[in-house]
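I opened the model today and kept notes as I went. The entries follow the order in which I looked things up.

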Amino acid sequence: MNELEKMQVKDIQGKIKTFVSEDTITVNQKFVRPTTVLNVARLIMATNQNNGITIDIKSGDRRTEAVRTTEKYLEKKYNHAFWTALQAHFKKPIFISALYDYLNEIDLDKYNFKERCDSEMFKELCRQNTPKEALFWEYILNGLSKSIKTPLNINGKELFEKYTTWCDENKFNKDYSTDIRKFYTKILNKKVSLVKIKGYTFVKFNPAELLEFMYEKQWIERDEIDIDTFNTKSKQQKEENDLDSEFENYF
């Protein structure tokens, strides 16, 4: 998929996921009955855009690897003549034979095909596709010791300190780290408000409603957090530990 642009693939991302995951695909040639074949294809997406496709990290994206290519070959010496000669070389039978032999001699016995290389480019795409405030709220909700159906007031200053620590631990930019008022503006939404209690600012929210709001925004997948575990303390500690570990594994 060449010259990928986010808006062009927004409506077909589900189909792309299916194509990557399914063992078989249907080939529908013109004037020929559709045929089901083994799917051994691989998608390579190229783009000059910084954010050409959405990375669905909230569902634990298992399909995508992202790399930023080198600018080395933009140098003048890599001109039209160079690429023409290289292309001709790739078409030589002796090159094809050598490449075939090389690939067949690679030892794959201990290679884990399910393990993805979480490159810096992949991390960058993750950060671009999910508001860090939403990830921070997920982190807060995961750490609650009370039922998520209970309304809460959290001291604003303490929440702000948690946010700056969380940014440091997860390598997010703290673009309003010295301005708590901007922090309040960023974390507020339809389900979060500020209240004054005895002269102190508190952040007020209903965890269940906030969670549902983030579901609707598609910032979090519904199977990401098992709501029932918040209602049983014996199950809760294990779930919190699992979620903390999973969150760290996003990056």
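This is a predicted model: local features need pLDDT of at least 70, side-chain atom pairs count only at pLDDT 80 or more; totals for chains, interfaces and linings use all residues.

**Entry 1. Confidence**

Over residues 223-235 the pLDDT stays under 50, and the model has 24 contacts for them beyond four places in sequence. Residues 243-251 also stay under 50, with 18 contacts beyond four places in sequence.

Which elements have the lowest and the highest confidence? Helix 10 (residues 233-250) is lowest, at a mean of 46, and helix 4 (residues 93-104) is highest, at 96. For the protein I wrote down a mean pLDDT of 77, with 76% of the residues at 70 or more.

**Entry 2. Overall figures**

I counted 10 helices and 5 strands. The protein has 251 residues, of which 30% count as buried. I also took the surface: the protein exposes about 18,200 Å², and carbon and sulfur atoms supply 51% of that area. Among contacts with a separation of 6 or more, 63% are between residues 24 or more positions apart.

In what order do the strands of the open sheet lie? I read 3-5-4 for its 3 strands, with antiparallel pairing. Strand 3 and strand 4 are the edges, each pairing on one side only. The twist averages 35 degrees from one strand to the next.

I then looked at strand 4 and strand 5, which run antiparallel and are joined by 6 bridges. I picked out lysine 196, whose bridge partner in strand 5 is threonine 201. Helix 7 packs on the sheet and touches strand 3 and strand 5. I have the direction of helix 7 at about 70 degrees to that of strand 3.

**Entry 3. Asparagine 155**

I next went to asparagine 155, in strand 3 (residues 152-155). Is asparagine 155 buried or exposed? Its relative accessible area is 17%, so I count asparagine 155 as buried, the cut-off being under 20%.

Which backbone nitrogen does the side chain of asparagine 155 reach at 3.0 Å? I found that of lysine 157. Leaving out residues up to four places away in sequence, I have asparagine 155 touching Thr201 and Phe202.

**Entry 4. Threonine 164**

I followed helix 7 (residues 156-170) to threonine 164. Threonine 164 is buried, with a relative accessible area of 17%. I found a polar atom of its side chain 2.8 Å from the backbone oxygen of glutamate 161.

How many of the 11 residues of helix 6 (residues 132-142) are buried? I get 10, so helix 6 is largely enclosed by the rest of the structure.

In helix 9 (residues 207-216) I have Pro207, Leu210, Leu211, Phe213, Met214 and Tyr215 as buried. Against what do the buried residues of helix 9 pack? I noted helix 6, strand 3, strand 4 and strand 5. At the N-terminal end of helix 9 I found a cap, asparagine 206. A side-chain oxygen of asparagine 206 lies 3.0 Å from the backbone nitrogen of alanine 208.

**Entry 5. Positive phi**

I ended with the backbone angles. Most residues other than glycine have a negative phi. Phenylalanine 31 has a positive phi, near 65 degrees. I place phenylalanine 31 in the loop between strand 1 (24-27) and strand 2 (35-38). With a relative accessible area of 86%, phenylalanine 31 is exposed.

Lysine 198 is not a glycine either, and I have its phi at about 55 degrees, a positive value. Where does lysine 198 lie? I place lysine 198 in the loop between strand 4 (192-197) and strand 5 (200-205). Its relative accessibility is 81%, so lysine 198 counts as exposed.

Notes:
Residues are numbered from 1 along each chain as its sequence is written. Side-chain values use heavy atoms; hydrogens and water are left out. Helices (H or I, at least four residues) and strands (E, at least two) are DSSP runs, numbered from the N terminus. Buried means under 20% relative accessible area, exposed over 50%, partly exposed in between (1.4 Å probe, protein chains only). A polar contact is a pair of N or O atoms within 3.5 Å; within protein, one must be able to donate a hydrogen and the other to accept it, and residues adjacent in sequence count only if both atoms are side-chain atoms. Contact means heavy atoms within 4.5 Å. pLDDT is the predictor's confidence in each residue, from 0 to 100. Accessible areas come from the Shrake-Rupley method with a 1.4 Å probe; for residues, only the protein chains shown count as cover. Two strands pair if DSSP finds at least two bridges between them. Axes are lines fitted to C-alpha atoms, for helices over the stretch in contact, and angles run from 0 to 180 degrees between N-to-C directions.
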